[in-house]
Amino acid sequence: MPKALITGITGQDGSYLAEFLLGQGYEVIGMVRRTSTTNFDRIRDFQDRITVVQGDLLDQVSLINILQEHRPEEVFNLAAQSFVPASFTQPVLTGEFTALGVTRILDAVRIADRSIRFYQASSSEMFGKVQEVPQRESTPFYPRSPYGAAKLYGHWITINYRESYNLFACSGILFNHESPRRGLEFVTRKITHAVARIKLGMQEELRLGNLDARRDWGYAPDYVHAMWLMLQQDHPDDYVVATGETHSVREFCQVAFDHVGLDWEKYVAVDPKFYRPAEVDLLVGDPSKAGRVLHWEPSVTFQQLVRIMVDADVAALQQMGNHTPHVG
Ligand code: NAP
Ligand code: GDD
């Protein structure tokens, strides 16, 4: 039975990847950081089928100990401070988790077992103020946030450890991917959750920031499949994973409200509080290398993604009643 360690298993991607690997017959070790209360909502359904271990990207020894004790063949480093606005208010902490955390885990791999295959969760945020449209593996980077800069460090240190120590280390440059498990502060889930609340009479308006921002939005379960495929190749490499389509926040609102029969313009208000100090205006990826080498392609369209998320939020709210949080 192959064995994999996932850091960030309690996050959106970690939970989907764990389910995918269990389906492939893997033994899954999930690393979680210690907190005073557990937050296992996304992994509750299969928690009894995985091994949960405590460790933290801030703590080098915990990472080495986990690898030496559990001896995984594959490590997926998904843990990070992943919310761009928080990286402007907590830039140093973001650098510790999202940048130096990658070096800590790569060093743990180097010390514990150099045959481990390693996946680093890199991001289209590294393209930032885009230098080419669409963005591909060779496009120059220009990050626009402390998060983007931290991810860029993580990307290059992964390549550096591959070249310096001959590690099987891959960097997946993933464009935005969403699902009903997306955190409530990210724009897609903020919209679909609000649409459901408005439809059910629990909320009256939705306040958003820049409606003109454009993103290449895909479906998270498709994207964790691409992560796994990267580690099954003969040689380590870096790949863009994207749909190749771009849509604005405004369009996302339109499709989401339309789906429940509401006119988005009656409910959405722009609030400058949600503007960022520096914005990434346009992202659209060219996934042709992933298609050619990994035989990967997205299975869910933009319209389907929005509907999946709205339907899930409506269903969850109907089940839970009035006890869900309003996200401002
Ligand atoms: P997410 O939902 O925010 O999950 C992040 C995970 O990292 C959580 O499990 C969190 O644990 C964990 N974590 C944070 N700091 C940690 C630390 N110091 N030590 C150990 N664990 C820590 O993010 P996601 O959307 O699943 O994304 C997964 C990864 O892909 C992230 O690295 C993200 O930056 C990257 N990425 C995401 C996208 C996207 O569109 N989703 C695109 C490109 C790249 P808690 O539950 O304790 O907070
Ligand atoms: N969060 C949020 N809230 N974003 C808003 C809002 C709002 O009220 N209004 C407009 N936006 C715009 C943001 O300005 C941004 O341009 C866009 O919506 C998307 O924002 P997020 O959903 O927060 O995602 P992101 O693109 O900044 O970052 C996500 O994708 C990256 C990959 O490109 C995160 O998942 C990152 O971790 C990931 O690396």
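Over the face of which residue does Lys190 lie? The ring is that of Phe274, and Lys190 is 3.4 Å from its centre. The points below concern a predicted model.

1. Charges over rings. Besides the placement of Lys190 over Phe274, there is Lys289, which lies over the face of Tyr239 at 4.9 Å from the ring centre.

2. Shell of ligand 1. The ligand is surrounded by 24 residues, with Thr10, Asp13, Arg33, Ser82 and Tyr147 the closest. By class, the shell holds 10 nonpolar, 9 polar and 5 charged residues.

3. On the side-chain part, an N or O atom of Arg182 is 3.2 Å from a nitrogen atom of ligand 1. The protein buries 89% of the 910 Å² that ligand 1 exposes when taken alone.

4. Elements around ligand 1. Two or more residues of the shell come from each of α1 (12–23), β5 (117–123) and α5 (146–165). The most is given by β5, with 3 residues.

5. Aromatic pairs. The whole structure contains 11 of them. Tyr223 and Trp296 make an edge-to-face pair, with 5.4 Å from centre to centre and 80 degrees between the planes. Tyr223 belongs to helix α7 (residues 220–231) and Trp296 to the loop between α9 (288–294) and α10 (302–320), so this pair ties together parts 73 residues apart in sequence. Tyr223 has 0% relative accessibility and therefore counts as buried; Trp296, at 4%, also counts as buried.

6. A stacked pair. The ring centres of Phe257 and Tyr267 are 5.8 Å apart and their planes are at 5 degrees, so the pair is stacked. Phe257 sits in helix α8 (residues 249–259) and Tyr267 in the loop between α8 and β13 (268–270); the two are 10 residues apart, and the pair links distant parts of the chain. Are the two partners buried or partly exposed? Phe257 counts as buried because its relative accessibility is 0%, whereas Tyr267, with a relative accessible area of 23%, is partly exposed. The cut-off that matters here is 20%, under which a residue is buried.

Methods
Residues numbered from 1 in each chain as written. Chains lettered and ligands numbered in written order. Predicted model: local features only at pLDDT ≥ 70, side-chain atom pairs only at ≥ 80, totals over all residues. Heavy atoms only, no water. Near = heavy atom within 4 Å. Polar contact = N/O pair within 3.5 Å; in protein donor to acceptor, adjacent residues only side chain to side chain. Areas by Shrake-Rupley, 256 points an atom, 1.4 Å probe, with all protein chains shown as cover. Helix = DSSP H or I, 4+ residues; strand = E, 2+ residues; numbered from the N terminus. Nonpolar A, V, L, I, M, F, W, Y, C, P; charged D, E, K, R; others polar. Phe/Tyr/Trp six-rings, centres within 6.5 Å; stacked < 30°, edge-to-face > 60°. Buried < 20%, exposed > 50% of the residue type's maximum accessible area, 1.4 Å probe, protein only. Lys NZ or Arg CZ within 6 Å of the ring centre and 35° of its normal.
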